[in-house]
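Okay, thanks for coming, everyone.

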Amino acid sequence: MSIDTTQANHEDGRFANHEELWLFGYGSLIYKAGFDYIRRAPATIHGWQRRFWQGSHDHRGTPDAPGRVATLVERPGAACVGMAYRITPAVFDHLDHREKNGYLRFATPMHFADGHVEEGLVYIATSDNAAWLGDASVNAIAKQIQRSCGPSGPNRDYVLDLAEALRALNADDSHVYAIARRLQALIDTE
Ligand code: BEZ
């Protein structure tokens, strides 16, 4: 199941006339950009929490056996630590195609460690997209991730690499850490 969001994102004119802008990464973008950027820095956005609630039929799973990847869900008072990239708008052509399976661009303020705040864009898959999987128990999510694999590699690598990158940023993220712990326990008994 997929919904191609490329066109909707392409028609989004926000920041189109900017020579440079900020993009917030909260999933694999934290540890692997895959595009050229001007600079990057850890940042936090408020009111959003990271959840492995988005199905991946094209990267970490297949249409018949989707994996689970991160999206952001709104929660007042929550904070999500990630990596902000200073990019040119051309990078969006690449990302719009790469993240076409349900992710739309949202504008959000990004808070940097030195206290300054910049407006930028973030890709978010919301519950109304066709690839949405939603909540499940930690065990069920970890088991689905354990067995899933797609063109971008094993789903387990995505989750374990993300957990490691978040630990390196001293990020507080009980959802990611709980699933990574359960996943590692499942892998240890294979
Ligand atoms: C990320 O890794 O932060 C990400 C990038 C594009 C879409 C969804 C997540």
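So, which element gives the largest share of the lining of the second largest pocket? It's S3, with six residues. Quick caveats: this is a predicted model, where local features need pLDDT of at least 70 and side-chain atom pairs pLDDT 80 or more, while totals for chains, interfaces and linings use all residues. Residues are numbered from 1 along each chain as its sequence is written, and side-chain values use heavy atoms, with hydrogens and water left out.

Back to that pocket: there's about 230 Å³ of space in it. Lining it are 13 residues, and Gln-49, Ala-79, Asp-172, Asp-173 and Ser-174 are the closest to its centre. "Pocket" here is an open set of points on a 1 Å grid over the protein atoms alone, where a 1.4 Å probe fits, with protein on both sides within 12 Å along at least five of seven lines; lining residues have an atom within 4 Å of a point. Strand S2 (39–56), strand S3 (67–87) and helix H5 (174–188) each put in at least two lining residues. Helices are DSSP runs of H or I, at least four residues, and strands are E, at least two.

Last, cysteines. Cys-80 is buried at 1% relative accessible area, and Cys-149 is partly exposed at 43%. Buried means under 20%, exposed over 50%, partly exposed in between, with a 1.4 Å probe and protein chains only. The disulfide count is zero, taking a pair of cysteine sulfur atoms within 2.5 Å as the rule.

Note on methods. Grid points are joined across faces, edges and corners, and a volume is the space filled by probe spheres set on the points.
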